[in-house]
Amino acid sequence: MPEAGALVTYGNVRNSKHSVMRTPIRKRIKGAIGRVAGSTGMLTWRYRSKMLIVAFHRVSDAMPEDHLTHSSAKFEEYCKFFRTHFRVIPLAEQVAGCAAANDLRGTLSITLDDGYRDNFEVAAPILRKLNLPATFFVITGFIGTQSVAPWDRQLPQQPGWMDWDQLRSLASQGFDIGCHTDSHIDLGTADERTVRTDLEVSTRKLHEQLGRPARLFAYPFGGRKNISARSLNLVREAGFSCCVSSYGGVNLPTTSPFELNRIPIARGYETPDRLGFDMAFGRIRTV
Ligand SMILES: [Zn+2]
């Protein structure tokens, strides 16, 4: 899951002082403007020199939409929006391209965090149907267990986690499986030994279970404060080729793979057109 701040502020950062303006009518107007911006090619033009990475969590019709959950219809709507306005490629290709200084302008990659079971049951079939690549960042200690994440304790019914067979199936379908630590620790505050141990356990499980090392890493909570310079070094030492955050922002093709930022598709973006509005008017910062 992303940092707590991102859940409530992202997408409405500049409106936070003007909550009175956050009316359904205003949102509808923004959505309509975003739709026009998309249909006129403005989004493609504005992001022609940028590289985007988006982050989802749950895709489910079995629970109400919330800051981590999108319905299957909404997720599909977003995916079609991405496909229309960007060249959707795997995150691994963006990372490799950064290192090789390839032309990644106008590309977007799709990621899903934590490893919820609906990722396999609901999100993956939609991605396959639309022929879109994606990376699933999983918390290895939760895979195949009944663990309840601290942020999910209030849910009336637990969404559940994928198991290793499902992850192997996703990998065989061409999706990437990335590391999101073993226990979703905060790499901004954990001590060196804890971080080392967690990364060792997580990388070992992924390698053993999937038959190849995971190269992509997304740090838990994703905020600026949720990773320290020391932890970032440990991520590099563990052999990962990137370390992506999740506090919102687009990247330049020259951005370091260890400083890549993602746009969390969370509360604040009720529709792709609302995201389109923020994109069209430059409300999403560049790293
Ligand atoms: Zn997470």
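Reply: Gladly. Helices here are DSSP runs of H or I with at least four residues, strands are runs of E with at least two, and both are numbered from the N terminus. This is a predicted model, in which local features need pLDDT of at least 70, side-chain atom pairs count only at pLDDT 80 or more, and totals for chains, interfaces and linings use all residues. Residues are numbered from 1 along each chain as its sequence is written.

Me: Which residues of α8 are buried?

Reply: A residue is buried if 20 or more other C-beta atoms, placed from the backbone, lie within 10 Å of its own, exposed if 12 or fewer, and partly exposed in between. In α8 the buried ones are Val195, Asp198, Leu199, Ser202, Thr203 and Leu206. Seen down the axis of α8, they fall within an arc of 120° (taken from the directions from the helix axis to the C-beta atoms), so they line one face. Exposed Arg193 and Glu208 sit on the face turned away from that buried side.

Me: What covers the buried residues of α8?

Reply: The cover includes β7 (176-179) and α9 (229-237), where contact means C-beta atoms, placed from the backbone, within 7 Å. Towards α9, residues Glu192, Val195, Arg196 and Leu199 of α8 meet Arg230, Ser231, Leu234 and Val235.

Me: At what angle do the axes of α8 and α9 cross?

Reply: Axes are lines fitted to C-alpha atoms, for helices over the stretch in contact, with angles from 0 to 180 degrees between N-to-C directions. These two come within 10 Å and cross at roughly 30°. The pair is therefore roughly parallel, a label for angles under 35 degrees.

Note on methods. Contact = placed C-beta atoms within 7 Å. Parallel < 35°, antiparallel > 145°, perpendicular 65-115°, else oblique.
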